Amino acid sequence: MNAPHIDVEQVEAANAAFYEALEEGDFEKVSEFWLTPSDLGVDESYHDPADVGVVSCVHPGWPVLTGRGEVLRSYALIMANTDYIQFFLTDTHVSVTGDTALVTCTENILSGGPAPDGDDEELGPLVGQLVVATNTFRRTPAGWKLWSHHASPVLAGTEDADGDGDGDETPP
């Protein structure tokens, strides 16, 4: 077993590489980050891969997706419909216990689709979004792999009764 600081560094690197693969739109790379039954030493010929080491994913506004196939289909759909996406991760915290790691972070997302006039050379307007995420990783012989991803939108603050919009509102 590695020293705790080495585990944390490895998980941080795996988490960052996962987001880089998303930015690049590299579906194969994204797929490699998700846990498979063979990563857990399970013989897939005797077990349904969908039932073993079930991975899960919640994208903002989506229902819970379970099973590797369902999760990967969601990423394929997102990549097919997003011309540009960039993640600026902040407030990242990594906690490792044994072979499980938990990463919490804020995803500051900048994304864009095609230009509205159909111009293939340019992107449409860029949209910013603030999302908080929890990524759960499992240690495998091939490195740290995603077991679960849960992301929720951060609601933008509104002006208070005084109209000063100082941002000290309490979330519901």
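Begin by selecting H149 and N135: the side chain of H149 makes a polar contact with the side chain of N135, at 2.5 Å. A polar contact here is a pair of N or O atoms within 3.5 Å; within protein, one must be able to donate a hydrogen and the other to accept it, and residues adjacent in sequence count only if both atoms are side-chain atoms. The structure is a predicted model, in which local features need pLDDT of at least 70 and side-chain atom pairs count only at pLDDT 80 or more, while totals for chains, interfaces and linings use all residues. Residues are numbered from 1 along each chain as its sequence is written, and side-chain values use heavy atoms, with hydrogens and water left out.

Remain at H149, which lies in strand 6; helices (H or I, at least four residues) and strands (E, at least two) are DSSP runs, numbered from the N terminus. H149 counts as buried because its relative accessibility is 4%, where buried means under 20% relative accessible area, exposed over 50% and partly exposed in between (1.4 Å probe, protein chains only). Leaving out residues up to four places away in sequence, H149 touches, among others, Y19, W34, Y75 and E107; contact means heavy atoms within 4.5 Å.

Next, select helix 3 (68–80). Its end C-alpha atoms are 18 Å apart, which agrees with the 18 Å that its 13 residues should span at 1.5 Å a residue; the expected span is 1.5 Å times one less than the number of residues. Colour V71, L72, S74, Y75 and M79, which are buried in helix 3. Viewed down the axis of helix 3, these buried residues fall within an arc of 150°, so they line one face; the arc is that of the directions from the helix axis to the C-beta atoms. Their packing partners include helix 1, helix 2 (27–32) and strand 6. On the face turned away from the buried side of helix 3, find the exposed residues R73, L77 and A80.

Now display the largest nonpolar core, which has 30 residues; F18, L22, V30, W34, Y75 and F137 have the most contacts inside it. Such a core is a set of buried Ala, Val, Leu, Ile, Met, Phe, Trp, Tyr and Cys residues joined through side-chain atoms within 4.5 Å. Helix 1 gives the largest share of this core, six residues.

Finally, move to V64, in the loop between strand 1 and strand 2. V64 counts as exposed because its relative accessibility is 54%. V64 and H150 are 86 residues apart in sequence and 8.7 Å apart in space, C-alpha to C-alpha.
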